[in-house]
Amino acid sequence: MTTRHRTTAATAVVGLVIAGAHFIGAASAHADDVKPSVPPGTEPSASAPTPVKPDSPRLKLPQGGTLAPPKVLDLVEVVEDIGGEERRQETNQTVMMALQSEVLFPEDSAVFNAQAAARIQAIANEINQAKATRIRVFGFTDDQGSYEHGKELSKKRADAVQAELAKTVTNPSVVFDVRGYSEDYPIADNSTEEGRKKNRRVEITFPRGAVG
């Protein structure tokens, strides 16, 4: 059973400033210590906004008011299973699959459990269908324990997922970007076990394929 959350923002937004994060690739999987200026996967990728005439009477600007540059946001659709073990987020440009660490690894471990390979292979098959050539694999932990331990563990888990993806992804020119972010960029409240469970995750992001 799944729950759906759909967010649509396809109109010009006045005065919105979003800092973009660089997607860094390499001929093989690698780590990068430079943190993006926004959480991974949230950088804007939508096309240019429709021009807005600042002198249009429909705007009804207050006297002396001016328009900031407009920005069009991605369409975002989020589907999460009822337990939150798997979360899928799609924009008009990318697909992001987040798997909770508990469904892939034993506690405080980067060694796969028995069900992990099948879950990751299913994502790899979708990557093949999309003919994706750039894949991000980002690991995250909760805020328990030291930051450095979380960074090491999240990176090892991301490395393990990347290695499993590479067994099934068929494109020989595929580029992996593999990083461990420790407790950075939580998606839930770390003050509860339910929230910490959601924050312990590995995210796999790849470009969407062409819609037929």
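Tyr 181 counts as buried because its relative accessibility is 2% (buried means under 20% relative accessible area, exposed over 50%, partly exposed in between, with a 1.4 Å probe and protein chains only). This is a predicted model, where local features need pLDDT of at least 70 and side-chain atom pairs count only at pLDDT 80 or more, while totals for chains, interfaces and linings use all residues. Residues are numbered from 1 along each chain as its sequence is written, and side-chain values use heavy atoms, with hydrogens and water left out.

There are four aromatic pairs here (rings of Phe, Tyr and Trp, the last by its six-membered ring, pair if their centres lie within 6.5 Å; planes under 30 degrees apart are stacked, over 60 edge-to-face, the rest tilted). One of them is Phe 140 with Tyr 181, stacked at 5.6 Å centre to centre with 15° between the planes. That pair ties together distant parts of the chain, 41 residues apart: Phe 140 belongs to strand S7 (residues 134–140), and Tyr 181 to the loop between strand S8 (175–180) and helix H3 (193–199). Helices (H or I, at least four residues) and strands (E, at least two) are DSSP runs, numbered from the N terminus.

Tyr 181 also pairs with Tyr 185, this time edge-to-face, at 5.4 Å centre to centre and 75° between the planes. Tyr 185 counts as buried too, because its relative accessibility is 17%. Ring pairs join Phe 138, Phe 140, Tyr 181 and Tyr 185 into a cluster.

## The nonpolar core

The largest nonpolar core has 26 residues, and Leu 104, Ile 127, Ile 135, Val 137, Val 161, Leu 165 and Phe 206 touch the most other members. Such a core is a set of buried Ala, Val, Leu, Ile, Met, Phe, Trp, Tyr and Cys residues joined through side-chain atoms within 4.5 Å. Strand S6 (94–100), helix H1 (116–130), S7, helix H2 (147–168), S8 and strand S9 (201–207) each put in at least two residues. H1 is the top contributor, with six.

## The chain as a whole

The protein chain has three helices and nine strands, running β-β-β-β-β-β-α-β-α-β-α-β from the N terminus. Of its 212 residues, 37% count as buried.
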